[in-house]
Amino acid sequence: MFYLAIISSSFRKSSLEELGKIAEFRIVDQFVTSLVIESGEEEFAEKLLRSDPVFVYNIFPLGRVSDIEASDYRNSIYEAVLPVLPRKGSVKIECFDVNCKTEYSAKDIEVYIGQRMEEDGYDVSILDPDYLVYPVLINRRAYVGVLKYGDMEKKFINPERHYHQFSKEAISRSELKLIQAFDDFETGGRGIALDLGAAPGGWSDFLAKSGYKVIAVDNGELDYGALEKRGFRVKVAEGGKALQDDLRENDIVHIKSNAKNVSELDGIKVDLIVNDMNMEPSDSVAVLLPFLEIASKNAELIMTIKCIDRKAEKFIAKAKKALGGHFKITGLRVLPSNRQELTLHAVSI
């Protein structure tokens, strides 16, 4: 059976090792972060996802495979999709075009297939389908899969395309990392968030959009104009005894200082700490540990683990050791917007 695995290109070796722990497999097709693999293990996808993978972002079963005819491109893809289309129930099509280099975009192909399906009497639904049918187009081959939409934890196949919609208004590319972390770790409470290493403000922006009051700590500038254009009230402060009043009257309070020098937060308790500072894990944890005194019970932590080289396991071990006794790690993933880094989720002990 064929499977599409979305992996980390930065940690390819670790991704392959993670797949190999499930069952034997062979690579059939590949391009950067996309692998089409074949394995005799019929529950490969289910077993991998149950193992809580770190480096493999997602995996999908694939059925039939067909060569794509260049002279009849869109129709040949429809012919490949046709045998797997459910006759009962509504269907959504998501095309994942990996490396076919044609004049047609994935959206063009979805529109074409949708029109052909309606002509042939199929029920096409975009918002609330019963099934998702996904042709994966890679190196001039079409691999086609089908899943019950309600059984899918993530309602998309191509993470880059899905999260691109959020990049248009983002202050910085790193904002996508926090959006993905909120999705993966199901974060989204309310309260006060502490953003360590906040400049230029992308994470503070998303936190404020998510309903948090934000204390942003960084000696660099935030993009105040972009934040205020979104309707947020922003104040630059020094912390201290007036911070509670500042936070009550504003959405984001920027303490313009190095995090190591911040010691007074006016008795405030925070519900979420986020840390994207460009430091080795043990140094990054050392900066945030003094803030444990202001963490509320079961406060969440989201931080990136920067890996100087591709030996990710070494840096994971450093982060775990530094956090030990202070935070319980509840999730660790390489997210689509991570480069040579991972994202960690933990809860204060």
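Predicted model: local features only at pLDDT ≥ 70, side-chain atom pairs only at ≥ 80, totals over all residues.
Visitor: Why is the pair of Phe182 and Phe206 called edge-to-face?

Guide: The ring centres of Phe182 and Phe206 are 5.0 Å apart, and rings pair if their centres lie within 6.5 Å; the planes stand at 80 degrees, and planes over 60 degrees apart count as edge-to-face, so the pair of Phe182 and Phe206 is edge-to-face.

Visitor: What makes this pair a tie between parts of the chain?

Guide: Phe182 lies in helix 6 (residues 175-185) and Phe206 in helix 7 (residues 202-209), so the pair ties together parts that are 24 residues apart in sequence.

Visitor: How do you know whether Phe182 and Phe206 are buried or exposed?

Guide: Buried means under 20% relative accessible area; Phe182 has 6% and is therefore buried, and Phe206, with 14%, is buried as well.

Visitor: How many aromatic pairs does the structure hold, and what makes Phe2 and Tyr143 one of them?

Guide: The structure holds 10 aromatic pairs. Phe2 and Tyr143 have their ring centres 5.6 Å apart, with 70 degrees between the planes, and given the limits of 6.5 Å for pairing and 60 degrees for edge-to-face, theirs is an edge-to-face pair. This pair links distant parts of the chain, with Phe2 in strand 1 (residues 2-7) and Tyr143 in strand 9 (residues 141-148), 141 residues apart, and both Phe2 and Tyr143 are buried. Ring pairs also link Tyr3, Phe25 and Phe44 into a cluster.

Visitor: How do you know that Lys154 lies over the face of Tyr57?

Guide: The distance from Lys154 to the ring centre of Tyr57 is 4.9 Å, where the definition asks for NZ of Lys within 6 Å of the centre and within 35 degrees of the ring normal. Lys155 likewise lies over the face of Tyr149, at 5.0 Å from the ring centre.

Visitor: Why is Ser34 called buried?

Guide: The relative accessible area of Ser34 is 2%, and because buried means under 20%, Ser34 is buried. Ser34 is placed in strand 3 (residues 34-38), and beyond four places away in sequence it touches residues including Leu4, Ile6, Phe96 and Ile138.

Visitor: Which residues of helix 10 are buried, and what puts them on the same side?

Guide: In helix 10 (residues 281-288), the buried residues are Pro281, Ser284, Val285, Val287 and Leu288. They cover an arc of only 155 degrees around the axis, which puts them on the same side of helix 10. The buried residues of helix 10 pack against several elements, among them strand 10 (191-196), strand 15 (295-306) and helix 11 (312-323).

Note on methods. Residues numbered from 1 in each chain as written. Heavy atoms only, no water. Phe/Tyr/Trp six-rings, centres within 6.5 Å; stacked < 30°, edge-to-face > 60°. Helix = DSSP H or I, 4+ residues; strand = E, 2+ residues; numbered from the N terminus. Buried < 20%, exposed > 50% of the residue type's maximum accessible area, 1.4 Å probe, protein only. Contact = heavy atoms within 4.5 Å. Arc of directions from axis to C-beta.
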